[in-house]
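Biologist: I am new to this one. Please take me through it, feature by feature.

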Amino acid sequence: MSYSGQEVLNHLLQYGMAAEAEGQLPAQLEAIAPLEEATSAQMSFVSHAKHLPKLAQSQAGLVLLKPEWRTQLPHDVPAILVDDPYAA
């Protein structure tokens, strides 16, 4: 099953999570994958600061991360900012 980035955002909001889009959300996501393995058709997340350096090399189509890490996000990687990316 696939979802758009907007659908992912809507689901998070529906479940009461404070979530905010950053960048152009992808039209289609097919799976979830580790940050270093994700493709443009996959979503990933960063739940610990030690993984932030991996963002620069990631090909993920969408990344979930904490709002305070917004400045670490490469300009071409769309994100959903959420307080607990792991739970999201």
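Modeller: Start with Tyr 86, which is exposed, at a relative accessible area of 64%. The label comes from cut-offs: buried is under 20%, exposed is over 50%, and partly exposed is in between, with a 1.4 Å probe and protein chains only. This is a predicted model, where local features need pLDDT of at least 70 and side-chain atom pairs pLDDT 80 or more, while totals for chains, interfaces and linings use all residues. Residues are numbered from 1 along each chain as its sequence is written, and side-chain values use heavy atoms, without hydrogens or water.

Biologist: How many aromatic pairs does the structure hold?

Modeller: Rings of Phe, Tyr and Trp (its six-membered ring) pair if their centres lie within 6.5 Å; planes under 30 degrees apart are stacked, over 60 edge-to-face, the rest tilted. Here there is one aromatic pair. Phe 45 and Tyr 86 have ring centres 5.8 Å apart and planes at 70 degrees, so they sit edge-to-face. Phe 45 belongs to strand β3 (residues 42-45), and Tyr 86 to the segment after β5 (79-82), so the pair ties together parts 41 residues apart in sequence. Strands are DSSP runs (E, at least two residues), numbered from the N terminus. Phe 45 itself is partly exposed, at 31% relative accessible area.

Biologist: Where is Ser 47, and is Ser 47 buried or exposed?

Modeller: Look in the loop between β3 and β4 (62-65). Ser 47 has 17% relative accessibility, so it counts as buried.

Biologist: Which residues does Ser 47 touch, not counting those up to four places away in sequence?

Modeller: Contact means heavy atoms within 4.5 Å. On that count, Ser 47 touches Lys 66, Trp 69 and Tyr 86. Tyr 86 is also the ring partner of Phe 45.

Biologist: How many residues has the largest nonpolar core?

Modeller: A nonpolar core is a set of buried Ala, Val, Leu, Ile, Met, Phe, Trp, Tyr and Cys residues joined through side-chain atoms within 4.5 Å. The largest has 14 residues. Val 46, Leu 52, Leu 55, Val 63, Leu 65 and Leu 73 have the most contacts inside it. At least two of this core's residues come from each of β4 and β5.

Biologist: What is Leu 52 in contact with, leaving aside its neighbours within four places in sequence?

Modeller: Leu 52 meets Val 46, Leu 65, Trp 69 and Gln 72. There is also a second, separate core of eleven residues. Leu 9, Leu 12, Ala 19 and Ile 80 are among them.

Terms used:
Helix = DSSP H or I, 4+ residues; strand = E, 2+ residues; numbered from the N terminus.
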